[in-house]
Amino acid sequence: MLKRFRPSRWMALMMFCWGVMTMLLASVRNFGGLVAVRFLLGAFESGLFPGQVYIITFWYRPEERAIRIAVIVACSSLGGAIAFAIGRLNGVAGLAGWRWLFLLEGIPSCLAAILCAFFFPDYPETVSWLSDEERELAMRRIRGVASLGHDKITWKEAKATLVDWRLYAHYIAYISNSVPLSSISLFAPTIVAGPKYKGLDAQLFTVPPYAIGFVVTVTVAWLADRYEKRSIATFCSMLVAGVSFIIQGALPADAFKARYVFLCFGLSFSFACIPPSLSWLTANLRSTGAMTLTVPLNVAFGQLGQIIRVYISKDSEVPGFPTGHFTNAGFLLEGAVIVLCLRHFYTRRNRQLDPHERTWRL
């Protein structure tokens, strides 16, 4: 749909509808209304992140993508600070703090959607504010290594993409990271709460781990781009995060300070896995059609982690959550093994190539 209706129009529609649904959440009065609005919110949200990654493939070379994906991912880590600040409005105008949160998150999205519809550039070959010489330079710079706005997906490309087993290995690795990442997002305030901190105070204590995560995510992505080591960056991030979750699970239930330190490691490197892994995936797709299918499929498979995360952190284990931490560690270490296997696979393929053939990125 994004390809058919132009990125600026489609992304603007998704942003506007997401903003409207978010504001409507502030007005729900019963469980039925909550379920209906939340379903629509999730539907509109599902197109945003894969759409952003897909658009990046039209404008940037493979070695320029991880850092840009990292900025998108890292900015999502600012939610804790925003939630804490807006939570202070609890009771203002007779509205609960959570209702203010949804209202004030939805309004900027709707306003930004209007700007996106009119000013967001679609493709290098069609953007109006470039001169003919600049447009040709932009096209020449990415020719052969990026998606093309005028390309159409064919059934042949779709079939080849859907039966390519290596892509499913990428999907499984992404699921492996999605489980701990979504688990942290949901349970971080509970994990850091301890006996002294509840509600907004617990929310405030999630801000430092996310701030560290912002820096780590961008740094790892920059290194992956700079040295063309996407697989190594993904593997090392998964390994560090996995070990940190093992330590968190093994700590005594009342070891809040130690668990908080390793939460910073686990959260930061769970986030840091995403940009290099997505950059690596897109770098090894050879057509616009493959990119059109693979990027959303990868993110869609990752949503399985959202389902798994609900069942691994047990209320009976508060605040230690050993089952949740050990499960997160297991998924991350399993994903790290898959990443190493994929790297070995691409390395073997490169050895079998003729000198003039395009190499597989590592």
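**Close-up 1. Salt bridge between Glu64 and Arg141 in the predicted model.** The side chains of Glu64 and Arg141 meet in a salt bridge, with a nitrogen-to-oxygen distance of 2.6 Å. Because Glu64 belongs to the loop between H4 and H5 while Arg141 belongs to helix H8, the pair ties together parts of the chain that are 77 residues apart in sequence. Glu64 counts as buried at 19% relative accessibility, whereas Arg141, at 33%, is partly exposed.

**Close-up 2. Salt bridge between Arg361 and Glu63, and the network that includes these residues.** In the salt bridge formed by Arg361 with Glu63, the closest N and O atoms are 3.4 Å apart. This pair links distant parts of the chain, since Arg361 is in the segment after helix H18 (322-351) and Glu63 is in the loop between helix H4 (48-59) and helix H5 (65-75), 298 residues apart. Arg361 is buried, with a relative accessible area of 17%, and Glu63 is partly exposed at 23%. Salt bridges with shared partners join Arg61, Glu63, Glu228, Arg230 and Arg361 into one network.

**Close-up 3. Glu228, a residue with positive phi.** Glu228, which is not a glycine, has a phi near 55 degrees. Most residues other than glycine have a negative phi. Glu228 is placed in the loop between helix H12 (207-227) and helix H13 (230-250), and with a relative accessibility of 29% it counts as partly exposed.

**Close-up 4. Salt bridge between Asp122 and Arg6.** The side chains of Asp122 and Arg6 meet at 2.9 Å, N to O. Asp122 is buried, its relative accessible area being 8%, whereas Arg6 is partly exposed, with a value of 39%.

**Close-up 5. Packing of helices H2 and H3 around Leu41.** Helix H2 (residues 7-25) packs with H3 at an angle of about 155 degrees, the axes being 9 Å apart, and the two helices are therefore roughly antiparallel to each other. Their crossing is left-handed. By class, the contact of H2 with H3 has eleven nonpolar, one polar and two charged residues. Leu41, which lies in helix H3 (residues 31-45), is buried with a relative accessible area of 6%. Neighbours within four places in sequence aside, Leu41 is in contact with Trp18, Met21, Thr22 and Leu25. Leu41 and Met14, which are 27 residues apart in sequence, have a C-alpha to C-alpha distance of 9.7 Å.

Methods: Residues numbered from 1 in each chain as written. Predicted model: local features only at pLDDT ≥ 70, side-chain atom pairs only at ≥ 80, totals over all residues. Heavy atoms only, no water. Helix = DSSP H or I, 4+ residues; strand = E, 2+ residues; numbered from the N terminus. Buried < 20%, exposed > 50% of the residue type's maximum accessible area, 1.4 Å probe, protein only. Contact = heavy atoms within 4.5 Å. Axes fitted to C-alpha atoms, helices over the stretch in contact; angles between N-to-C directions. Parallel < 35°, antiparallel > 145°, perpendicular 65-115°, else oblique. Left-handed = near helix turned anticlockwise from the far one by under 90°. Nonpolar A, V, L, I, M, F, W, Y, C, P; charged D, E, K, R; others polar. Salt bridge = Lys/Arg side-chain N within 4 Å of Asp/Glu carboxyl O.
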